[in-house]
Structure formats: structure tokens, C-alpha cells
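Please look through the model below with these notes beside you.

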Amino acid sequence: DHPCAADLDLFGQGSLFQLLSLARTRVGAATLARWLLTPATPDVVRLRQCAVEELRANTALREDLALYAQALAEDVDAASLSRWSQEPDIFPKPHFRHIARVLVILGAVAAILSYGADSIWPCIYVLTADVIVLGVAAGRLKRLGTALEEPRRELNVLGKVIARFQREPFQCPLLKALRERFYHEQMAASAALQRLDRLSYFFEMQANQLFAPFSIALLWGIHIAYRIEAWRKTWGAQLPQWLEAVGELEALASLACFAYERAEYVFPELREGVALFEADGLKHPLLPGATCVENSLHLDAAQPLLLVSGSNMSGKSTLLRTAGINTILAMAGAPVAARRLALGPLRAGATIAVHDSIQGGVSRFYAEIKRLKQLMDFAQDQDTRLLFLLDEILHGTNSHDRRIGAEAILTKLLERGAIGLVTTHDLAITGMGGAMVDKAVNAHFEDTVGEVGPVFDYRLKPGVVQRSNALALMRSVGLDV
């Protein structure tokens with residue numbers, strides 16, 4: 001149901017997400033996916049651009065984060081950590097703690113009395129009480145140790161990621177804000193996680209045979225168990241937030257690596273409050289750079305609609321995808337494949353890859369008009385303007401209905417402040433009248449017929465296409481027409 005994810009190849013094999021994502025953790029991948037699916041506000045985009053620019057130059061940090069995050073992905077189950085942080089206390093009441101404190105004091109007194117009276121019975125009495133208390137608490141202690149085993153290992157890895165991030169003297173406000181999320185009650189998350197690791201180590205000491213007599217006499221396990229429970233009460237609620245912050249960091253690092261590897265890409269200029277898409281040297285980031293052809297586009301309130309005609313395989317649909325995928329990159333905070341791009345807050349919506357469905361009982365035409373209704377609803381949002389990318393608009397119906405329907409739909413989209421591109425083979429669409437006369441501009445792609453078939457230059461040219469290559473293409477694959 002997303003208005004452009006399938007149309008612009010955002011996910012799947014050979015997709016934009018596959019190109020961008022270096023996220024090792026599930027939460028990091030989900031964060032990056034969310035950024036691609038939902039355009040950010042201009043203020044958030046600018047903050048991400050600043051963070052990406054700073055991380056782009058910091059290759060050492062990005063490499064360390066990639067290594068730590070790999071271990072994080074292999075060893076950390078965010079769901080289990082969240083459950084562990086919210087589980088009810090194993091020692092819900094302080095009874096055992098009070099008894100343990102009293103018995104430790106009595107043990108010290110018994111040791112003094114035994115030394116003075118030259119008798120070990122006072123110590124034996126107290127140790128007997130210690131053993132009884134430990135026997136009663138044994139089930140709870142075992143449950144706590146079992147419950148702590150996995151989180152301890154996972155949180156140790158998380159602590160390394162956070163500690164590495166906290167060592168950086170960031171300048172960008174977004175990165176500073178992310179670092180601040182790893183503090184709670186004036187303590188760094190890495191220090192808190194180290195404290196839990198030490199408590200876990202002390203808890204395991206009660207199983208050491210050399211330390212066992214002291215552990216019984218001091219009721220060591222009970223004291224440490226209450227400290228672990230207190231840690232979970234103080235810090236447990238922060239665990240999901242820390243994991244979420246690590247996910248955002250991974251998403252930013254993915255965009256930074258993309259910017260580092262494509263130094264020729266530029267950060268777009270955002271213009272608030274306008275419907276604008278103005279690009280020079282625009283390219284598709286999923287096409288090989290050596291063979292990708294640049295084109296320029298200009299859409300604004302005065303010229304909001306570009307009608308693109310042209311022969312088959314000449315580049316019409318690719319132009320739509322190029323405009324859309326660069327809009328996705330821009331509104332996620334990433335650099336774009338262009339020499340220059342200025343745009344307003346845009347949300348892309350497309351009808352490039354709508355399909356029929358046997359299970360849904362939906363024809364291709366019906367799927368398209370449902371998508372068009374979705375885009376019409378999006379166009380009502382004045383905070384984020386719609387960039388519509390309509391491929392072969394309404395080609396599932398006859399020419400008469402197609403002309404009337406297309407003109408009505410485009411008129412309504414433009415009235416709501418949307419801008420966009422429409423491709424068509426039907427030259428009647430390129431000559432729409434009414435409100436379209438002053439708003440629409442025609443452009444086209446064409447080809448030349450060579451010895452082995454059509455040759456394409458993929459250059460956008462002004463005006464309406466004057467020739468077709470359908471018959472030539474059919475003959476080039478061996479069809480006798």
C-alpha cells in the first residue's frame with residue numbers, strides 16, 4: 001500500500017535499501033527503512049545532512065561501529081532484552097535483604113563471642129540460619145542467574161558500541177543529541193552497563209568453591225541479587241531507547257558511507273513552503289555511473305507538470321524513477337545523484353509498478369485508479385507537497401475515457417499544489433486543453449534506427465515526440481510484422 005516503494009525499487013534485490021544499508025542490527029535496518037518510506041521535515045533533513053557530513057570523514061568510527069554492530073547483531077536479541085527489562089522482580093519484597101543484613105551482623109557478633117568464649121557454637125547457630133535462608137531463597141537465586149545469563153552477554157556488546165560512540169567529540173547537533181541519549185541520571189550508559197557486568201561477575205562468585213564459605217557466611221548471593229534488581233529498576237526502561245539510538249546511528253553511518261563512496265553526489269538544498277523540484281545533471285543512483293545519462297528537470301508552481309512522450313525503451317519510466325528516488329534520498333537526509341538539486345518538502349507517489357491481483361480480484365486499471373485516489377488524498381497535505389510520477393496514465397481504458405479522466409485527475413492534483421511528471425504513448429494526452437494549457441510543458445525521448453535496431457541516447461528534449469519505434473522493436477526480436 002505504500003505510494004512508491006515498489007515503483008522506485010526501494011527494497012529487494014538491486015534496491016536502494018540494499019545499496020545504502022550497512023546496518024547489522026534489526027533496529028538499524030528498520031530505522032533506515034523507515035527513513036526511506038517516510039519523508040522527514042526540512043529541519044530534520046538538515047540535521048541528518050550535518051551528521052552524515054561529519055560521519056563521512058570519520059572512517060575510523062564507522063569501521064569500529066560496523067565491527068561492534070556485527071557482534072551486536074549476532075549476539076543481541078532486542079526483543080528478549082526488552083522483555084528482560086520489564087519482567088517482574090524475582091525478589092519483589094525486601095524481606096530476604098533485611099534478614100541477610102541481620103544475619104551478617106549476628107555472624108560478626110557470633111565470631112567475637114566464639115573467640116572470647118573459646119566456643120564455635122554461636123557461629124554454628126548463625127551459619128545454620130544462613131544455610132536455611134539460602135535454601136529458601138535458592139529457587140529465586142537460580143531464576144535470577146538464568147534470566148541474567150543472556151542479557152549480560154548482550155549488554156556487554158551493547159556497552160562496547162556505546163562506549164566507542166561516547167568517546168567522539170561531535171560537532172553536529174544531531175550526533176550530540178544521540179550521545180546525550182546514552183546518559184541517564186548523570187551516568188553514562190556505558191558505565192551503567194559496566195556496573196551490571198561487575199554485579200553479574202560478583203553474583204557468579206558464589207559458585208566458586210574457594211569463595212563458597214564466605215559466600216554462605218555473608219549471604220553474598222542475596223545481597224548482589226538485590227543490587228541487580230535495583231539496577232534493572234533504574235536502567236531497564238532505558239534499554240529500548242539505547243537500542244533505538246544505536247539503530248539511528250547505524251542508519252546515519254549507512255548514509256555517510258554512501259556519501260563517502262560517491263563524493264560527486266551533492267546534498268540538496270531544501271526550500272520550505274514551496275512546491276519545487278529543480279535539478280541539474282540528475283542521474284539514477286542504481287545505474288552504473290559510467291553509462292548513466294544525466295538530465296535536468298524543473299518543476300515549480302508556475303510550471304508544475306511535465307508531459308513526457310517518447311518511444312518504447314527510450315527512458316520515460318527511468319526518468320520518473322530518477323526523480324522519485326532522488327527525492328527519497330533527499331528527504332531521508334542523504335546526498336543525491338545530481339550536480340545540483342533544490343526542492344521543497346516533497347513526498348513521492350507513483351503509478352509505475354501497480355499490478356493486477358488474482359487474490360485481490362483487482363485489475364491493473366482498478367489498481368491504478370486506487371493508487372491515484374491515494375495520491376489525491378496525499379496532495380491535500382500542505383506541509384509536504386506531492387511529487388506525482390504517473391507512468392502511462394490510465395492506459396488500461398479507451399482513448400476517449402483516458403483523455404477525459406487524465407485531464408480531470410491532473411487538474412485536481414495541480415489545484416492541490418502537487419507537481420509531477422506524466423509519461424504517455426497516447427499523443428492525445430500531450431495536447432490536453434483547459435487548465436492544462438498554461439501549466440503543462442511537453443518533453444520527449446526519441447531514438448534512431450540503426451542496423452541492429454533502435455539506438456537510444458536517453459536525452460530529454462523539448463516538445464512532443466514525432467515518431468514511434470514499436471514496429472522496429474518487434475522486428476528486432478524476430479516478430480514478422
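1. A crossing is called left-handed if the near helix is turned anticlockwise from the far one by less than a right angle, and right-handed if clockwise. The crossing of H7 and H12 is left-handed. This is a predicted model, in which local features need pLDDT of at least 70 and side-chain atom pairs count only at pLDDT 80 or more, while totals for chains, interfaces and linings use all residues. Residues are numbered from 1 along each chain as its sequence is written, and side-chain values use heavy atoms, with hydrogens and water left out.

2. Helix H7 covers residues 121-166 and helix H12 covers residues 239-261, and the two pack with their axes 11 Å apart at an angle of about 55°. H7 is therefore oblique to H12, a word for angles that are not under 35 degrees (roughly parallel), over 145 (roughly antiparallel) or 65 to 115 (roughly perpendicular).

3. Which residues of H7 meet H12? On the H7 side they are Leu 155, Leu 158, Val 161, Ile 162 and Phe 165, which meet Leu 239, Trp 242, Leu 243, Val 246 and Leu 249 of H12. By class, this contact (heavy atoms within 4.5 Å) has ten nonpolar residues, with no polar and no charged ones.

4. Turning to the whole chain, there are 16 helices (DSSP runs of H or I, at least four residues) and 14 strands (runs of E, at least two). The C-alpha trace spans about 115 × 50 × 45 Å along its principal axes. Of the 481 residues, 48% count as buried, meaning under 20% relative accessible area with a 1.4 Å probe.

Conventions. Axes fitted to C-alpha atoms, helices over the stretch in contact; angles between N-to-C directions. Nonpolar A, V, L, I, M, F, W, Y, C, P; charged D, E, K, R; others polar. Buried < 20%, exposed > 50% of the residue type's maximum accessible area, 1.4 Å probe, protein only.
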